[in-house]
Amino acid sequence: MVRVKTDERKTTRNPLLGHAISHRGTIVGLCAIVLWGFMAGLVRLVADAFGATLGSALIYTVGGVTLMVVRRPAPIRKAPRKYLIIGGVTFIAYEASISLSIGLASTAAQSVEVSLVNYLWPTLLVLMTAAVSHKRGAVWKALPGAIVATIGVAMAVGGESLDVHEAIRNIASNPLPYVLALAGAFIWSVYATVTPAISDGYDGTTIFFCCVAVVLWVIHFVSGQGWPTSMPPVSGYVALVACALSIAGGYACWGYGMLHGNMETLAVSSYATPVFSTASSMVLLGVALGAPFWIGVVLVVAGSLINLWFARCAR
């Protein structure tokens, strides 16, 4: 009897998401946020060494091979067809939209602004998770914390270089990357919200990741960028391996967390992703962290705590 009670404390069932919620699943999912935090700076180092399109294709190829070795998926015939179609299309569409949005940004300022638009996905994920929870007033209760945390993300990522008037001019002159980044943020929040309920416990992260690698190779060859004119440095290969492990490991942890963890906790905690990403990028690229970053961090933490407080009160 004691053993049964202990298991019940560790694992509960959420009838909405259609799977058992375990503390271990939530912790594993949170590891994705830490791993993704190193992604942006490492991607920049890989792009400098191999080029944008080739670097992306190599990252996902190395990451896909790694996942096939350490996290080989169950036979694909066991996966629900709806999950493979919806999950695969949204996963690939997200990665393609983000890759294209970054590539189409014509200036460094636009790159920062595009990344800010992409980082709307934690806010959208929190609001969508609240919406599908069917709790009365859940979306309105999640909105204040979402607004505070989003402002914090904008300050942490944009820093002193963020100019609203310049951003409006950039959007008017080159709207496509911003549209793609916004579409990507929406697509990823849909993927994270919908797929747990239709997966029937099947984790297709490895399959989806390998499909993205194929798409990126197609994009590379279609772009005509070819191969590097000189041999990349050893540091480029180190960054490539580290980046592949960071991204692949992050997706593997997130996929496990979505299927077995608490999605509300993961959604709120996802606000930390852009903060970790900005901090690690500045460290890897040798840029100092200014006051706007730390103010942004405080706002992100405050917004997350507001969401957690409302979620606790709703129980």
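Predicted model: local features only at pLDDT ≥ 70, side-chain atom pairs only at ≥ 80, totals over all residues.
Biologist: Is Ser189 buried or exposed?

Modeller: Buried means under 20% relative accessible area. Ser189 has 0% relative accessibility, so it counts as buried.

Biologist: Which residues does Ser189 touch, beyond those up to four places away in sequence?

Modeller: Its partners are Trp121, Leu124, Leu125 and Met128.

Biologist: How do the axes of helix 7 and helix 10 cross?

Modeller: Helix 7 covers residues 121-132, and its axis comes within 9 Å of that of helix 10, crossing at roughly 40°. That angle makes helix 7 oblique to helix 10. The crossing is right-handed.

Biologist: Which residues make the contact?

Modeller: From helix 7 come Trp121, Leu124, Leu125, Met128, Thr129 and Val132. Helix 10 supplies Ala185, Phe186, Trp188, Ser189, Val190, Ala192 and Thr193. By class, the contact has ten nonpolar, three polar and no charged residues.

Biologist: And how should I read a nonpolar core?

Modeller: In soluble globular proteins, nonpolar side chains tend to be buried together. Here the largest nonpolar core has 59 residues, and Tyr60, Trp188, Tyr251 and Trp254 touch the most other members. Helix 12, residues 234-260, gives this core its largest share, eleven residues.

Biologist: What is Tyr60 in contact with, leaving aside neighbours within four places in sequence?

Modeller: Tyr60 meets Glu95, Phe209, Val212, Ala213, Leu216, Ile247 and Tyr251.

Technical notes
Residues numbered from 1 in each chain as written. Heavy atoms only, no water. Core = buried A, V, L, I, M, F, W, Y, C linked by side-chain atoms within 4.5 Å. Buried < 20%, exposed > 50% of the residue type's maximum accessible area, 1.4 Å probe, protein only. Helix = DSSP H or I, 4+ residues; strand = E, 2+ residues; numbered from the N terminus. Contact = heavy atoms within 4.5 Å. Axes fitted to C-alpha atoms, helices over the stretch in contact; angles between N-to-C directions. Parallel < 35°, antiparallel > 145°, perpendicular 65-115°, else oblique. Left-handed = near helix turned anticlockwise from the far one by under 90°. Nonpolar A, V, L, I, M, F, W, Y, C, P; charged D, E, K, R; others polar.
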